[in-house]
Each structure stands twice: as structure tokens, then as C-alpha cells.
Amino acid sequence: MIQVNNLKKSFGKVKAVDGVSFNADDGKITGLLGPNGAGKSTTLRMLYTAFRPDSGSATIDQFDIVKHSVSVRASIGVLTHGAGVYERLTARENIAYFGELHGLRGKALQARVDELADLLDMQEFIERRAKGFSQGQKTKVALARALVHNPRNVLLDEPTNGLDVMATRGLRQVIQRLKQEGHCVLFSSHVMQEVAALCDEIVIISGGKVSASGSPDQIRTATGESNLEDAFVKAIGSEEGLV
Ligand SMILES: Nc1ncnc2c1ncn2[C@@H]1O[C@H](COP(=O)(O)OP(=O)(O)OP(=O)(O)O)[C@@H](O)[C@H]1O
């Protein structure tokens, strides 16, 4: 479970995140939705302890992201924005390496890699070196790496970037399965349809602030729009993010 309370982060004069608060519960999919530059990645980066907030606080499974950063890192799996993979290693080695960092070994580790390869449809390239992988193949490796230790909380920054239709469907199934298993899933996207198709809760971010949040129904009611697309446009004040 993730609880975020009035987080702020500036870069010079740019207020990237300007007082963001929300909760992301276990067994639910929460989407951070907003246009380019809204502050989604910066929010996620603070949650996965890459950036220290200027002020405000957040906890993941009751662990404070600043005071208990080691425990936070152990309880999350992260797909970072434009995640890189080690090009000299095969897909399997990339995933197994992260598994080892999380204490997995031997047959249990290889079985977990095989399970993820099945889930994400990676059999065709699992034994290939990552050099030359397509963006979608890299994303799948990075996603499998994020999930290898079966983390309770899963943070995904623009996970469908570079994925084709089939891979996007596969990713949605993975996310739904994580939800059914009781994980807390938080992902960012600038595509409203993607968030609407998957999320129980939506946090709309614009200019570093939360402009609306709640279930799709609650957001429709709060904005006075019957259609989620219109509600989103109203909340962020532009048509960015609609496809
Ligand atoms: N390391 C940094 N140094 C300077 N400015 C930054 C840095 N990281 C983010 N910013 C700025 O903070 C603002 C929010 O950026 P952020 O990456 O959080 O947005 P985003 O919602 O994830 O956007 P996108 O959908 O384009 O990835 C932007 O104006 C961005 O230029």
C-alpha cells in the first residue's frame, strides 16, 4: 500500500511536483494520468527513492520513503522510464541477475524466469543477447526484472511505451493478475484510454498538482462530465493524452 502526503519537488524554478497526495491500495490498480511534464515520473522517482522530496512524505507498506529507504526498495518492483538493459547479457541473464540481487538462487530463480518469459511472451528471445533488442523487447525484459522477486508493490513508469498491440494486451493481463493476487499496482501514463481500461483509481496530475482523483465514476461526477474523456480534458484543461 502506498500513501502519499503533500509531496513536493522542484528543479530550480520548475515546481515539478507541487503538493501531490493520494493513496494506492493493495489489490487495486491506480493510474497516475497526466500530460507530458505533469510531474508523474518525478512523483514515482521519489516513491522509488531515486529523488529525495523537498517536503511532504510518503510511505510504502508503512515504510517512510526517506527514513526507511532500504525497506522501501525491498518491497517494490520498479519499471523506470526508458529502462535500459545490459546489452551483453541475454534476456534471461538480465532478469536472473536482478533475481540474485533480491536473494533468489538456483532452480527457484530459473523457474521464476521461465514463468515470466511465458507470461510476457518472451520465449523467442529469452536466450538472446539484449544488444539490438527492439524497444518492446527491452521493455519486456525490464518489466520481468521488476517483477522477478514478486514484490508487493509494483511501480511502472509508462509501461506500454514501445509495446505493440499484443504486448500491450499481455502487459494488461500481467497487471490484472498482480491485482488479483493482492498486489498494489501504481502506473503512470499520458494516455487516458489506457488508464481508463485498467484502473480502479485514477489520479490526474497537471502542472505538478492533483487536479482530480478517485474511481472513474467519481471523476465523472466531480467534473460534471458523463464521459471520462471529457472529464479528463476538463481536469487537465487540454486535450493532450487523447488518442
Ligand atoms: N532532473 C530534472 N532536472 C530538471 N528538471 C526536471 C528534472 N526532472 C524533471 N524535471 C522537470 O519537471 C517537470 C515534470 O517532469 P516529469 O518527468 O515528472 O513529468 P512527467 O509527467 O513524467 O512527463 P512525461 O509524460 O513527459 O514523462 C518537467 O517540467 C521536467 O522538465
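**Close-up views of the predicted model**

View 1. The buried residues of α5 are Q137, K138, T139, K140, V141, A142, L143, A144, R145, A146 and L147; a residue is buried if 20 or more other C-beta atoms, placed from the backbone, lie within 10 Å of its own, exposed if 12 or fewer, and partly exposed in between. This is a predicted model, in which local features need pLDDT of at least 70, side-chain atom pairs count only at pLDDT 80 or more, and totals for chains, interfaces and linings use all residues. Residues are numbered from 1 along each chain as its sequence is written. Helices (H or I, at least four residues) and strands (E, at least two) are DSSP runs, numbered from the N terminus. Eleven of the 13 residues of α5 are buried, so this helix is largely enclosed by the rest of the structure. Its buried residues pack against β6 (76-79), α3 (91-101), α4 (106-119), β7 (153-157) and α6 (165-180). Helix α5 covers residues 135-147 and reaches 18 Å from its first C-alpha to its last, close to the 18 Å expected at 1.5 Å a residue; the expected span is 1.5 Å times one less than the number of residues.

**View 2. The shell around the ligand.** Around the ligand are F11, V14, A16, G34, N36, G37, A38, G39, K40, S41, T42 and H190, where a residue is near a molecule if its C-beta atom, placed from the backbone, lies within 6 Å of it. Both β2 (14-24) and α1 (40-47) supply at least two residues of this shell, and the largest share, three residues, comes from α1. By type, the shell residues divide into four nonpolar, seven polar and one charged. Ala, Val, Leu, Ile, Met, Phe, Trp, Tyr, Cys and Pro count as nonpolar, Asp, Glu, Lys and Arg as charged, and the others, Gly among them, as polar.

View 3. Strands pair if DSSP finds at least two bridges between them. Strand β1 (residues 2-11) runs antiparallel to β4 (residues 55-60), and five bridges join them; V4 has A58 of β4 as its bridge partner. Strand β5 (residues 63-64) is also antiparallel to β4, with two bridges, and T59 has D64 in β5 as its partner. The hairpin of β4 and β5 has two residues between the strands, and D61 takes a positive phi near 50 degrees there.

**View 4. The surroundings of E158.** Residue E158 is found in the loop between β7 and α6. It counts as buried, with 22 C-beta neighbours inside 10 Å. Leaving aside neighbours within four places in sequence, E158 is in contact with H81, S188 and S189, contact meaning C-beta atoms, placed from the backbone, within 7 Å. The C-alpha atoms of E158 and S41 are separated by 8.7 Å, although these residues are 117 residues apart along the chain.

Methods
Contact = placed C-beta atoms within 7 Å.
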